[in-house]
Amino acid sequence: MAVITHVDIRMVDLKPKTVRTDAIQSFVSQETPIVRITDADGVVGTGYSYTIGTGGSSVVALLRDHLAPQLIGRDANDIEAIWRDLLFSSHATSVGAITSLSLAAIDTALWDLQSRKTGIALYQLAGGAKGKIPLYTTEGGWLQLEQSHLVDDAVAMKAKGFGGAKIKVGKPRGAEDVARLQAVREAVGTDFEIMTDANQGFDLSEAIRRARLFEPIDIAWFEEPLPADNVLAHQRLVASTSLPVAVGESMYSIGQFREYLALNACSIVQVDVARIGGITPWLKVAHLAESFDVAVCPHFLMELHVSLCCAVPNSRWLEYIPQLDSLTHRGLDIIDGHAVPSNQPGLGIDWDWDAIEAQQMFTPITISK
């Protein structure tokens, strides 16, 4: 047995290097709860999740007051049982962001711990489907950026070997979005993908209209065109356009993905390991999508998603948004525009604990017997 003896909880607040504005919000902060689980052999697993500026203290409170104490004395190898027990014990707050983000910090720590104890790299432990995943960039496509910046960034990333760039859409007039997308297309040619992301900014009629405007540009996908809780509207949109419709970053349960897939209401799933509740449910969603012949292109958290993308066969793209640079000794391994997963045991993240201690928002909380 790998009996859990200690759980440490801390949080840092990261400031994005780039101003990030989309159709509904500005992203100015990333609260990052970090959980460290120690077993009786002294092996430590580290997990984390994130917010985009609010709710981090609520995640910490749920971890401290309710979830982490239940881990003490459990066998860390029982990852599935622990995840289910914690979910059931918090069912009055499920399904929702606070519970999922809390579960994710624990679940990723348990996978990190198991990977370290077995000596097997995470991408192999979770499936071992491939050794690399192509990258597309988002950092140069935010809504507030001028058209010339979008073009220059896409051209630069293509020169680095990246396969695509995401451009935020949601300008007041459809013609403005089209002009920005068309300028990028003319600059990069047809051998470079252009993804679009509306961040849930449209209603159904406007989403159908914008999709029609975007079709001649041959975009790779139309992401979060509508509020995530309106599956029937997505179903109608999918039926009305030739564009792939991508959803998932704002979905917090396996059941939501099942409903979208069963109703043919999406073309790509962008399951986020933090928002779905950890690696355990992430893999379930990925395999569920595979059974529908639907690709997985996860949202954010590239440092962790690189291993998960390489664990499953139906992953297509990894989103490039550097975020953990100030907390790690080294960044993502990139070769010819592809991300390569770490072959070392653990999540593949080389944490800089001195930097974490310097940036943490409170004295670490320790839960033990």
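Predicted model: local features only at pLDDT ≥ 70, side-chain atom pairs only at ≥ 80, totals over all residues.
Leaving aside its neighbours within four places in sequence, the contacts of Q270 are Y136, K166, W221, E223, A246, V247, G248, E249, C297, P298 and H299. Q270 sits in the loop between β11 (268-269) and α10 (273-276). Its relative accessible area is 1%. Buried means under 20%, so Q270 counts as buried. One of its contacts is polar: the side chain of Q270 meets the side chain of E223 at 3.0 Å.

Strands of a sheet pair through backbone hydrogen bonds, either parallel or antiparallel. Here 4 strands line up in the order β5-β4-β1-β16, and the pairing is antiparallel. The edges are β5 (44-48) and β16 (365-368), each of which pairs on one side only. From one strand to the next, the twist averages 20 degrees.

Strand β1 spans residues 4-14 and pairs with β16 over 4 bridges, in the antiparallel sense. Two of the residue pairs can be named. V7 has I367 of β16 as its bridge partner. H6 is partnered by S368, also in β16. With β4, β1 pairs over 10 bridges, again in the antiparallel sense. In that pairing, I9 stands opposite V35 of β4. Of the 11 residues of β1, 8 are buried, so the strand is largely enclosed by the rest of the structure.

Helix α3 (residues 97-118) lies across β1, β4 and β5. Its course runs at about 145 degrees to β5.

Two further helices pack against each other. These are α9 (residues 254-262) and α11 (residues 279-291), with axes 10 Å apart and an angle of about 10 degrees. The angle is under 35 degrees, so α9 is roughly parallel to α11. On the α9 side, the contact is made by I254, F257, R258 and L261. On the α11 side, P281, K284, V285, L288 and A289 take part. The residues of this contact divide into 7 nonpolar, no polar and 2 charged.

Methods:
Residues numbered from 1 in each chain as written. Heavy atoms only, no water. Pairing = 2+ DSSP bridges. Helix = DSSP H or I, 4+ residues; strand = E, 2+ residues; numbered from the N terminus. Axes fitted to C-alpha atoms, helices over the stretch in contact; angles between N-to-C directions. Contact = heavy atoms within 4.5 Å. Buried < 20%, exposed > 50% of the residue type's maximum accessible area, 1.4 Å probe, protein only. Polar contact = N/O pair within 3.5 Å; in protein donor to acceptor, adjacent residues only side chain to side chain. Parallel < 35°, antiparallel > 145°, perpendicular 65-115°, else oblique. Nonpolar A, V, L, I, M, F, W, Y, C, P; charged D, E, K, R; others polar.
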